[in-house]
Amino acid sequence: MLCKRVLSRPRITVSWASVAAQTRLQSTTPISATRTVPAPAERSPSHPHHASSSPRVTALESAKPFSEFLTDSFHRQHDYLRISVTERCNLRCLYCMPEEGIELSPPARLLTSPEIVYLSSLFVSQGVTKIRLTGGEPTVRKDIVPLMQAIGKLRRDGLRELCLTTNGISLHRKLDLMVEAGLTGVNLSLDTLDPFQFQIMTRRKGFEAVMKSIDRILEMNKVGAGIKLKINCVVMRGMNDREIVPFVELGREKPIEVRFIEYMPFDGNKWNQGKMFSYQEMLAVIREKYPTLEKVQDHKNDTSKTYQVPGFQGRVGFITSMTHNFCGTCNRLRITSDGNLKVCLFGNAEVSLRDIIRKENDGQPIDEDAAKQLQLMETVQNAARLSDEGALVNERELEILNIIGMAVKRKKAKHAGMGQLENMKNRPMILIGG
Ligand code: SAM
Ligand code: SF4
């Protein structure tokens, strides 16, 4: 029987200490012993303070404040969640997959679909509006379409964007169903426009299949699918840097945004500074051919710096994690396929959400039947009302939210810079979910 706690007292004090022992957070920063959720009465539109407000002010004041659990100590609000749905991949990109391969986790340690949907729903209940599924290669997960259908239903609870990061090899076969499920954006990785070079960089064949996926997205967009397409291209010196200009020229006739990514170090990917081609160098290469390349306005949480060649339909972006960090506006959280919350791509602090949600199931993976028995999806709805007067919050959701909140509060202002990153212990990219 699930135990419930009434949260309608004037001031709610959530104990951090009770959950601290259960986390595997590896940070040395001390945490405060308690966190106080402002009393519902203080935020209620029926509070006397609202009596003389205009309707607009009242609407603003009664809007639910962004979740404290997802706000870090630098006031960054995390409304974007990236979930890795598999460790597997059908390519072996040089910069991502260690040559010797990676040891896959035993299946029982990976999140099941009901667990992923449950966690998605919990994060959406707290204000997450964008979810990106990644991996490994998300399209190789057998039940990726039903999983997206289930996550897509969270639109009614506030989810606005459901995106995928994919290598595009088998996307074209599943795209129509995914769009029906609510897919709004695709970041597709492609590092070369030469089929032979593709085989060198990915250690596999498949260039034509990737192009088929790109064409299918553009075709669907012509009839109104509205899929935001970005091509991710990791630039490695001596490998594909000569293709920077041809990639920019893809945008001459096509509304494609190509984002050049600085090569980043992860365990086993043989990074060295010599192989890294910096943002400034890329800009110089493009400006040599297109001196009129101009900067366009970026959105608040964009990780890329966006440019355009006047007259081109497409745009060019740069992800400059190595030379200019964008930590100040970071709004992202990550869940690895084995269920760990990771607050920074470059941080090695992780905390297991999987272990907490499985506690009530004797530590076993939660399948559809177990999810029904535990009433996972029913009880998570209450977490959305955490700040509402008189809401009942299940112990389980409160415990998970506390653990998420603690990890988020420990997020550092920015990640280590070049010179330190390459010496840090971190999972290979394929196990983090890029
Ligand atoms: N398999 C999917 C794909 O390739 O798009 C999703 C997972 S992949 C790990 C996510 C993104 O991380 C890809 O765009 C990939 O290019 C990028 N990536 C992987 N390793 C990288 C590295 N060492 N430096 C920079 N980007 C990297
Ligand atoms: Fe696979 Fe994506 Fe990594 Fe390439 S970048 S090996 S496609 S996970």
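1. Helices H4 (residues 113-125) and H14 (residues 395-409) in this predicted model pack with their axes 12 Å apart, at an angle of about 75°. The two helices are therefore roughly perpendicular to each other, a label for angles of 65 to 115 degrees. Axes are lines fitted to C-alpha atoms over the stretch in contact, and angles run from 0 to 180 degrees between N-to-C directions. Helices are DSSP runs (H or I, at least four residues), strands likewise (E, at least two), numbered from the N terminus.

2. Tyr-118, Leu-122 and Phe-123 are the H4 side of this contact, and Arg-396, Glu-397, Ile-400, Leu-401 and Ile-404 the H14 side (heavy atoms within 4.5 Å). By class, six of these residues are nonpolar, none polar and two charged.

3. Ligand 1 has 20 residues around it, with Tyr-95, Gly-136, Glu-137, Ser-189 and Met-264 coming nearest (a heavy atom within 4 Å). A side-chain N or O atom of Ser-189 is 2.5 Å from an oxygen atom of the ligand, and one of Glu-137 is 3.0 Å from a ligand nitrogen atom. Strands E6 (161-166), E8 (228-235) and E9 (257-262) each give two or more residues to the shell.

4. Ligand 2 has eight residues around it; Cys-89, Leu-91, Cys-93, Cys-96 and Asn-167 come nearest.

5. Residues are numbered from 1 along each chain as its sequence is written, and chains are lettered from A and ligands numbered from 1 in the order written. Local features need pLDDT of at least 70 and side-chain atom pairs 80 or more, while totals for chains, interfaces and linings use all residues; side-chain values use heavy atoms, without hydrogens and water.

Definitions and conventions:
Polar contact = N/O pair within 3.5 Å; in protein donor to acceptor, adjacent residues only side chain to side chain. Parallel < 35°, antiparallel > 145°, perpendicular 65-115°, else oblique. Nonpolar A, V, L, I, M, F, W, Y, C, P; charged D, E, K, R; others polar.
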